[in-house]
Amino acid sequence: MLLQIIAEDHIRLQFDHGAEGLAIDGAPFGAVQMLAASLALCTASVLHDYATTAQFHLHGLAIVVRWRYAERPYRVSDYQMTLMIDPHVPPSRHRALLRAAEQCTVHNTLTHGARVETTLEVQGAQQA
């Protein structure tokens with residue numbers, strides 16, 4: 001797989017059949033790019049599982065993720081994800097692929113939110 005950092009707010013994850021590992025091209029590759037890459041990787045996993053079950057291949061799958069920022073608090077406000085598929089994928093499977101993409105755990109977490117609880121612990125401190 002090749003993760004291309006196209007811009008601060010734009011990545012492309014390209015899947016090469018048979019390639020192992022993840023190569024990263026471009027910068028910056030910070031936390032926000034990692035979050036977008038997680039969305040793309042999770043989505044790809046769900047899509048590949050669906051394609052295997054439906055008995056067709058997703059050779060050459062690429063997922064492009066773009067996002068926009070918002071203020072107060074500063075954060076990513078929305079994502080635009082594009083699934084780029086081979087022309088040999090049956091058109092009868094296109095809608096199902098879009099539905100399958102929405103089943104990714106990262107997609108659901110971003111869509112429905114997650115509670116984050118932050119605590120502080122002093123390292124090496126003895127507990128009373």
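Thr43 turns out to be buried, with a relative accessible area of 0% (buried means under 20%, exposed over 50% and partly exposed in between, using a 1.4 Å probe and protein chains only). The structure is a predicted model, so local features need pLDDT of at least 70 and side-chain atom pairs count only at pLDDT 80 or more, while totals for chains, interfaces and linings use all residues. Residues are numbered from 1 along each chain as its sequence is written, and side-chain values use heavy atoms, with hydrogens and water left out.

Thr43 sits in helix α1; helices (H or I, at least four residues) and strands (E, at least two) are DSSP runs numbered from the N terminus. Setting aside neighbours within four places in sequence, Thr43 is in contact (heavy atoms within 4.5 Å) with Ile63, Met81, Leu83, Ala101 and Cys104.

Now for the helix pairs. Two packed helices are described by the angle between their axes and the distance between the axes. Here, axes are lines fitted to C-alpha atoms, for helices over the stretch in contact, and angles run from 0 to 180 degrees between N-to-C directions. Helix α1 (residues 31–54) and helix α2 (residues 94–101) have axes that come within 9 Å and cross at roughly 135°. That makes α1 oblique to α2; under 35 degrees counts as roughly parallel, over 145 as roughly antiparallel, 65 to 115 as roughly perpendicular, and the rest as oblique. On the α1 side, Thr43, Val46, Leu47 and Tyr50 make the contact, and on the α2 side Ala96, Leu97, Ala100 and Ala101 do. Sorted by class, that comes to 7 nonpolar, 1 polar and no charged residues (Ala, Val, Leu, Ile, Met, Phe, Trp, Tyr, Cys and Pro count as nonpolar, Asp, Glu, Lys and Arg as charged, and the others, Gly among them, as polar).

The axes of α1 and helix α3 (residues 105–112) come within 7 Å and cross at roughly 130°, which makes α1 oblique to α3 as well. Leu35, Ser38, Leu39 and Cys42 of α1 meet Thr105, Val106, His107 and Leu110 of α3. This contact has 5 nonpolar, 3 polar and no charged residues.

Beyond four places in sequence, Leu47 has contacts including Leu58, Leu61, Ile63 and Leu97.
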